[in-house]
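Reader: I have a model open and want to learn how to read it. Where do we start?

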Amino acid sequence: MVDVPIYDKDGLMLRNFTKADVHAFSEISKREKERYANPGITQYNDTVDAERTVQAGIESIAPDPETGRRETISLVIAERATPEIALGYIGLNPRNGRKYLGYSIDPRKQGKGYGFRAARLFLEHHFASSGDPVYADAFKGNEASLKILERLGATTVQGDWKRPLPVSGIKDPYAPMELTADKFHAAMSSSRSAENRHGKYEALKAQSSSKEETKSRPIPVSTRGLSHLTK
Ligand SMILES: CC(C)(COP(=O)(O)OP(=O)(O)OC[C@H]1O[C@@H](n2cnc3c(N)ncnc32)[C@H](O)[C@@H]1OP(=O)(O)O)[C@@H](O)C(=O)NCCC(=O)NCCS
């Protein structure tokens with residue numbers, strides 16, 4: 001992993017934890033609990049857990065004294081313009097010889113693309129410096145997380161669905177998903193071409209509508225149908 005902070009082109013940042021993040025993470029915990037009414041699903045059960053999360057995050061930046069490698073890493077997700085406001089966290093934890101990806105977004109900020117962008121940024125940097133594949137436990141009911149993992153190129157490790165659940169209170173089966181550098185880069189390049197194709201289509205549409213406009217002025221201007229662009 002490279003040095004942090006790191007940024008994506010749209011101003012998302014991943015930075016180290018600081019002691020000042022405890023408050024934000026205990027608030028995230030409370031809201032997670034209210035939302036799911038199931039403490040088993042949340043990573044931060046109370047302020048004590050939030051303090052542990054933050055402390056582990058602070059310590060995770062130090063390399064292992066024996067191997068010199070960073071086995072565990074945990075970073076805060078924030079906007080470049082407001083770095084002090086923690087939106088969530090993302091990190092890697094070693095387990096049974098595999099590196100497991102974990103992330104969580106403040107429930108008030110979910111559904112706005114932060115989860116996907118943070119994971120993409122994190123993995124770009126992970127795969128730039130390491131060939132190690134990344135794993136994630138994907139619960140069947142966790143649609144948002146499954147969508148993120150699939151968009152990133154992760155695939156289910158065959159035959160592992162329906163193993164006994166490690167987290168109390170969650171009934172859904174889960175499977176480890178695996179993401180290699182090759183799968184990640186292939187998924188990112190196909191999503192870039194899709195964006196480019198879409199961009200070209202939009203440009204062509206704009207071009208053709210401006211031609212039509214020249215032919216048959218005046219054109220009534222309508223903003224109907226654009227509301228999905230302003231979320
Ligand atoms: C999983 C989580 C990090 C997703 O973060 P997010 O910022 O809300 O996700 P995004 O806005 O980037 O959305 C990712 C995709 O999920 C979809 N999505 C978002 N919320 C959703 C929901 N509640 N139900 C179904 N789909 C949802 C989005 O539309 C998007 O799909 P698309 O790529 O087809 O457009 C967030 O829901 C969370 O913190 N959950 C609790 C912790 C957790 O489950 N961590 C993962 C453990 S594996």
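**Reading the fold**

Author: Start with contact range. This is a predicted model. Count contacts in the protein between residues at least 6 apart in sequence: 58% of them join residues at least 24 apart.

Reader: How many helices and strands does the protein have?

Author: There are 5 helices and 8 strands. Read from the N terminus, the order is β-β-α-α-β-β-β-α-β-α-β-β-α.

Reader: In which order do the strands sit in the sheet?

Author: First the general idea. Strands of a sheet pair through backbone hydrogen bonds, either parallel or antiparallel. Now this case. The 8 strands make an open sheet, ordered β1-β2-β3-β4-β5-β6-β8-β7, with mixed pairing. Its edge strands are β1 (6-7) and β7 (155-156), and each pairs on one side only.

Reader: How do β5 and β6 run, and how many bridges join them?

Author: They run parallel, joined by 2 bridges; β5 spans residues 98-105 and β6 spans residues 134-139. For one partner pair, take Tyr100, whose bridge partner in β6 is Tyr135.

Reader: Which strands does helix α2 touch?

Author: Helix α2 (residues 47-60) packs on the sheet against β3 (73-79) and β4 (88-95). The direction of α2 makes about 105° with that of β3. Helix α3 also packs on the sheet, touching β1, β2 (12-15), β3, β4, β5 and β6. The direction of α3 makes about 55° with that of β2.

Reader: Now burial. What share of the residues counts as buried?

Author: Of 231 residues, 26% are buried. Next, look for the nonpolar core. The largest one holds 40 residues, and Ile77, Ile90 and Ala118 have the most contacts inside it. Helix α3 (residues 114-129) gives the largest share of this core, 6 residues.

Reader: Which residues does Ala118 touch, leaving out those up to four places away in sequence?

Author: Ala118 touches Leu12, Leu14, Ile77, Ile90 and Tyr103.

Conventions: Residues numbered from 1 in each chain as written. Predicted model: local features only at pLDDT ≥ 70, side-chain atom pairs only at ≥ 80, totals over all residues. Helix = DSSP H or I, 4+ residues; strand = E, 2+ residues; numbered from the N terminus. Buried ≥ 20, exposed ≤ 12 C-beta atoms within 10 Å, placed from the backbone. Contact = placed C-beta atoms within 7 Å. Core = buried A, V, L, I, M, F, W, Y, C linked by C-beta atoms within 7 Å. Pairing = 2+ DSSP bridges. Axes fitted to C-alpha atoms, helices over the stretch in contact; angles between N-to-C directions.
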